[in-house]
Each structure stands twice: as structure tokens, then as C-alpha cells.
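Dear colleague,

Please find below the sequence and structure for your attention. My findings follow directly after them.

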Amino acid sequence: MDYQGLLHDAMTAGRAVSGRGRVADYIPALAGADPAAFGMALVTVDGEFHGVGEVDRPFSVQSVSKVFTLALALAHGGDHVWRGVGREPSGNPFNSLVQLENERGIPRNPFINAGALVVTDRLLGLTGDAAGTVLDFLRAESGNPFLATEPATAASEAEHGHRNAALAHFIASHGNLENEVEAVLEHYYAHCAIEASCRDLARAGLFLAQHGMRAGGGRLLSRSDAKRVNAVMLTCGTYDAAGEFAYRVGLPGKSGVGGGVLAVMPGRGTICAWSPGLDPAGNSVAAIAALDAFTTASGLSVF
Ligand code: DON
């Protein structure tokens, strides 16, 4: 497989549409991102690496972190997380409040903001340090000890985080948080504000392509749990555009409003594409176009 050639063509397809996206400005610290930036990295289970564009430029991982919080909660014995969060696509925006009221404080899935707050809460209960657990894992798997939370981004989110605060308080009112709202929000903002590059995230996600096995050997998740996390990524990882993402890309994927998208080719490898311009659902226009071009040209989807 000519991965390098495929990535090059995918980047061309992504860059062609990057001007159609808008950077996230509801978090002021992200508003200055360069909409023309683009990077794409591919790591195989055999240890091959390929990259195009700004493959080592750090960006705010935002909701891509949610796949790691879920995996780490399950890895720490947090099966009880499934009592507090569902596994169905929401069909609503990632920060929606309405569904939560109808469903009595049980978020639809672990990747919408409400669900991620519940998962962060359980990871905090299991480890005593949810954001630190995510950061340590990302550092270990990526081999990059310099990964860190960008404090200015976390502070900007906290300052403008009225919707997340409302979600967390509403969930707490239904008795579905174990920890104090303020602590849950702090850890949630801290893991969303981690900065990492396409190379870092592609490496860190490799356990999802290796049926739960970590990069250096050793198991993070059981084979079943790795299957389950991939399944929830496919059905819920790109919010109310998950159907469109499955149709176009055909891989489990998780997006973030920093413009990153991590996609998994089970048994084969991971791809992370990044470009900050977002579509109305909050997913990177150019990253998704590039992943679409990659799987269409290579045939490497799960279907
Ligand atoms: O809570 C928020 O709104 C952000 N920290 C994360 C949202 C996000 O990345 C949605 N993804 N596309």
C-alpha cells in the first residue's frame, strides 16, 4: 500500500475545501487558529509512520480527548460508567441541553459534552486525577513527554463554559455525578485543552486498532471493550454528523473543535487529520474531506 501517496492525495482534497470551515470561536482561546493549517498522520500496527503537512504542529485536542477518557475509565474497571451514560447517537449538537431533561440526566452517549462530563466524573472517582490520567497515557503512548494542557485554553473554556456548567449542574441534580461539579468541570476543561499533534494522537490511539493492546505491548482494554469503544466512535464520535461521517469515511472516528479527527482502521492502524475550519456540527471540514478521499481511494474502510 502506497500510504505516502494516498496521504498526499488526501491532503490535496482536504486543502481544496479548508476555506469552507469556520474556526471555533465560542472558546475565545481557539478563535485565533489558522484555518489554512493542515496535517495528517498515519501509524500502522507494524510500526510504520507516514505524515503529510504540519504533522508535528500541536493543536488543542478538545473532544478527541473524550475517546481516551472513556477508554481509561473502562481500563480502570469503570464498567459502571454505562449505568450513567447511554450508547445511542444523539442526533443533537454536541453541547445540547434539551435531550438531557427528557432523559432525566442520563446523557445519550459518552462523546457529547454531557456524556463526557459523566465519564470524566467516573474517571476522577476511579483515579483521583482524571486529566492527569489522560495526559500520562497520551505521553506514554505517543512517546512525547512534552505533551501538556494549555492553561490559557482551559481558563478560556472555564470562563465561557456556561453551557457545560449548566449540563454538569443538571446532571448533578439527577444524582448522576459522584464528584463536585467544579472538580468535574476543571478536569474536563484540562483534558480538552491538552495540545498534541497529528503524530502524537495517531500513536496514542493505536490501542484502538490493536484490539486493546498498547503501543509498547500490554493490554489497555479487553478485545470486547476495544470493539465497543470503536463502535461508539463510529455511531457517536462526530455527533449529529455521525451518519454522514460513516457514509463518507467508513471508519470509527472522533472529532474535536480544535479541528482534529482521529480515525481507526481496526487491525491496520490509525489516522489523525487536522485542520481548524469546522462545519456547523463542529467537525473539521478539511480533515473529513481528507479522510473521505483516503478511504475512497484506498478501500481501507471497515465496510
Ligand atoms: O466542551 C466543549 O465545548 C469543548 N471543550 C469540546 C467540544 C468539542 O470538541 C466538540 N467536538 N467537535
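Please bear in mind that the model is a predicted one.

The largest pocket holds about 220 Å³ of space. A set of 17 residues lines this pocket, and those nearest its centre are Ala33, Pro58, Phe59, Ser60 and Trp274. By class, the lining of the largest pocket consists of 10 nonpolar, 4 polar and 3 charged residues.

Turning to the chain as a whole, its secondary structure includes 14 helices and 8 strands. With a radius of gyration of 17 Å, close to the 19 Å given by the globule rule for 303 residues, the chain is therefore as compact as a globular protein of that length. The C-alpha trace extends over about 55 × 40 × 35 Å along its principal axes.

Among contacts in the chain with a separation of 6 or more, 70% are between residues 24 or more positions apart. The chain has an accessible surface of about 11,400 Å², and carbon and sulfur atoms account for 50% of that surface.

Yours sincerely

Key: Residues numbered from 1 in each chain as written. Predicted model: local features only at pLDDT ≥ 70, side-chain atom pairs only at ≥ 80, totals over all residues. Heavy atoms only, no water. 1 Å grid on protein atoms, 1.4 Å probe; cavity = no way out; pocket = protein on both sides within 12 Å on 5 of 7 lines; lining within 4 Å. Points joined across faces, edges and corners; volume = space filled by probe spheres on them. Nonpolar A, V, L, I, M, F, W, Y, C, P; charged D, E, K, R; others polar. Helix = DSSP H or I, 4+ residues; strand = E, 2+ residues; numbered from the N terminus. Rg over C-alpha atoms; globule rule 2.2 N^0.38 Å. Contact = heavy atoms within 4.5 Å. Areas by Shrake-Rupley, 256 points an atom, 1.4 Å probe, with all protein chains shown as cover.
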